[in-house]
Amino acid sequence: PRPGHSSESSARLTFPARSRPRDGPSKDSHASVDRRRALRREASCSRASLTPEFPRRLFKPISAMPKTARETSVAEVQFVDEPVAKRAKEDEIDTPAKDVATDKHPLKMIQRGASVLDLCTYKGDFDSDKLDPLAKGPEKSLEYRINFSHKSRTISPWHDIPYRASPDTFHMMCEIPKWTRAKFEIATKEPGNPIKQDEKKGVLREYKHGDMLFNYGFMPQTWEDPEHVSADTGFKGDDDPLDMVEIGCRQMKCGQVAEVKVLGVLAMIDDGETDWKVFCIRTDDPLAGAINDVDDLERELPGVVSTMREWFREYKVAEGKPLNAFALDEKCMDREYAEKVIEETHGFWKNAEEKLRKLAAP
């Protein structure tokens with residue numbers, strides 16, 4: 001090899017035509033020359049003038065479209081128009097159009113047990129003392145679930161427990177007891193809607209921000225409709241039942257149902273979605289008699305609203321996510337406003353449930 005070149009690099013050198021070895025060019029060299037000549041001839045031909053000796057698979061048109069034209073990029077496709085186009089196509093073949101919102105609704109996946117859905121307005125039939133939780137699977141495992149029955153009838157805690165406990169009070173089910181951090185939640189897309197610990201990539205989740213400062217759960221028979229954009233927040237719903245923040249003195253148990261008084265509500269914006277946080281207190285709490293609205297809450301427990309707001313604002317930062325935001329000037333709205341939010345989300349739930357019942361009817 002030449003100086004500065006290894007034998008390996010020299011082996012890759014090719015000879016110019018005038019410096020070929022005396023034995024003459026190899027068959028491979030002839031084939032390569034023929035190949036290049038064929039490609040040159042092919043480039044000068046149009047597709048219509050191709051002959052059998054120049055197969056079509058070798059032909060690549062130089063320009064498939066005028067320079068002024070181009071394909072629409074994925075980012076420019078108006079996906080919002082797709083359901084309308086699909087409905088128009090279905091109408092042409094006399095096929096009933098699908099309701100897009102219902103098709104996406106998580107209730108469609110639920111296999112209901114013996115339902116007590118007629119409790120959607122207060123009738124005095126529900127008794128929280130008759131609610132029996134049934135734990136299945138090892139604790140602190142991906143298989144762990146808490147299912148529920150009421151008076152020996154299997155129920156969904158989301159759909160079959162009435163949202164109202166009385167004309168003036170509501171029901172709340174606790175998912176995460178105060179002073180704990182394991183992220184338990186209702187499984188909205190599993191049959192029977194058991195409570196489970198959330199997981200990510202096979203790992204059980206806990207709040208890295210720290211323990212809950214309150215009892216956290218949800219209100220049954222409510223739903224933040226992802227197809228509805230709130231006029232007050234400007235964002236759509238998060239596809240879950242209403243979140244409840246119980247600020248009482250006592251720790252609740254996971255899966256426990258309590259009768260609560262609603263005090264106020266924060267309009268949190270989480271990942272571009274409205275995520276209402278309803279403040280409440282159990283009716284049997286020592287402070288329940290003195291707290292009936294958000295102003296009472298500030299008087300009896302000064303600083304609790306701002307502390308809770310900052311907890312919700314910051315808790316995802318420990319997971320590498322940005323701060324959450326709040327609508328309505330970050331104000332905790334009063335009880336009257338909170339009850340309007342409850343009735344609105346209960347209406348979303350009820351309408352969707354009625355649609356699904358019709359779809360399921362024989």
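Colleague: Where is Thr169 placed?

Modeller: In this predicted model, Thr169 sits in the loop between β3 (153-155) and β4.

Colleague: Why is Thr169 called buried?

Modeller: Its relative accessible area is 8%. Buried means under 20%, so Thr169 with 8% is buried.

Colleague: What makes the pairing of Thr169 with Ser166 a polar contact?

Modeller: The two side chains come to 2.6 Å. The cut-off for such a pair of N or O atoms is 3.5 Å, so the value of 2.6 Å for Thr169 and Ser166 falls within it.

Colleague: Which residues does Thr169 contact beyond its neighbours within four places in sequence?

Modeller: They are Arg164, Glu259, Val260, Lys261 and Thr283.

Colleague: Why is Gly272 called partly exposed rather than buried or exposed?

Modeller: The relative accessibility of Gly272 is 36%. Gly272 lies in the loop between β12 (257-270) and β13 (273-282).

Colleague: Which residues is Gly272 in contact with, once neighbours within four places in sequence are left aside?

Modeller: Those residues are Phe235 and Lys236. Lys236 is 36 residues from Gly272 along the chain, yet their C-alpha atoms are separated by 7.7 Å.

Colleague: Which residues of α6 are buried?

Modeller: In α6 (304-314), the buried residues are Val304, Val305, Met308, Arg309, Trp311, Phe312 and Arg313. The elements that cover them include β9, β11 (243-246), β12, β13, α5 (294-300) and β14 (325-326).

Colleague: What makes one space a cavity and another a pocket?

Modeller: In a cavity the probe fits but cannot get out, whereas a pocket is an open set. By this rule the model has 1 cavity of 30 Å³ or more. The largest cavity has a volume of about 80 Å³, while the largest pocket has a volume of about 920 Å³.

Colleague: Which residues line the largest cavity?

Modeller: Among them are Glu224, Asp225, His228, Phe235, Lys236, Trp276 and Phe348. The elements giving two or more residues to this lining are β10 (236-237), β13 and α7 (335-360). The largest share, 3 residues, comes from α7. By class, the lining has 3 nonpolar, 5 polar and 4 charged residues.

Colleague: How many residues line the largest pocket, and which lie nearest its centre?

Modeller: The lining of the largest pocket has 41 residues, and Lys183, Glu185, Asp238, Asp240 and Asp270 lie nearest the centre. Two or more lining residues come from each of β4 (170-176), β5 (184-186), β9 (215-218), β12, β13 and α6. The classes are 17 nonpolar, 3 polar and 21 charged residues.

Colleague: How confident is the predictor in the chain, and where does pLDDT stay under 50?

Modeller: The chain averages a pLDDT of 77, and 65% of the residues score at least 70. Over residues 2-21 the pLDDT stays under 50, and the model has 8 contacts beyond four places in sequence for them. Residues 46-123 are also below 50, with 94 contacts in the model beyond near neighbours in sequence.

Colleague: What do the totals say about the chain?

Modeller: The chain has 7 helices and 14 strands. Buried residues make up 40% of its 362 residues. Of the contacts between residues at least 6 apart in sequence, 67% join residues at least 24 apart.

Conventions
Residues are numbered from 1 along each chain as its sequence is written. Side-chain values use heavy atoms; hydrogens and water are left out. pLDDT is the predictor's confidence in each residue, from 0 to 100. Contact means heavy atoms within 4.5 Å. Helices (H or I, at least four residues) and strands (E, at least two) are DSSP runs, numbered from the N terminus. Buried means under 20% relative accessible area, exposed over 50%, partly exposed in between (1.4 Å probe, protein chains only). On a 1 Å grid over the protein atoms alone, a cavity is a set of points where a 1.4 Å probe fits but cannot get out, and a pocket is an open set with protein on both sides within 12 Å along at least five of seven lines; lining residues have an atom within 4 Å of a point. Grid points are joined across faces, edges and corners, and a volume is the space filled by probe spheres set on the points. Ala, Val, Leu, Ile, Met, Phe, Trp, Tyr, Cys and Pro count as nonpolar, Asp, Glu, Lys and Arg as charged, and the others, Gly among them, as polar. A polar contact is a pair of N or O atoms within 3.5 Å; within protein, one must be able to donate a hydrogen and the other to accept it, and residues adjacent in sequence count only if both atoms are side-chain atoms.
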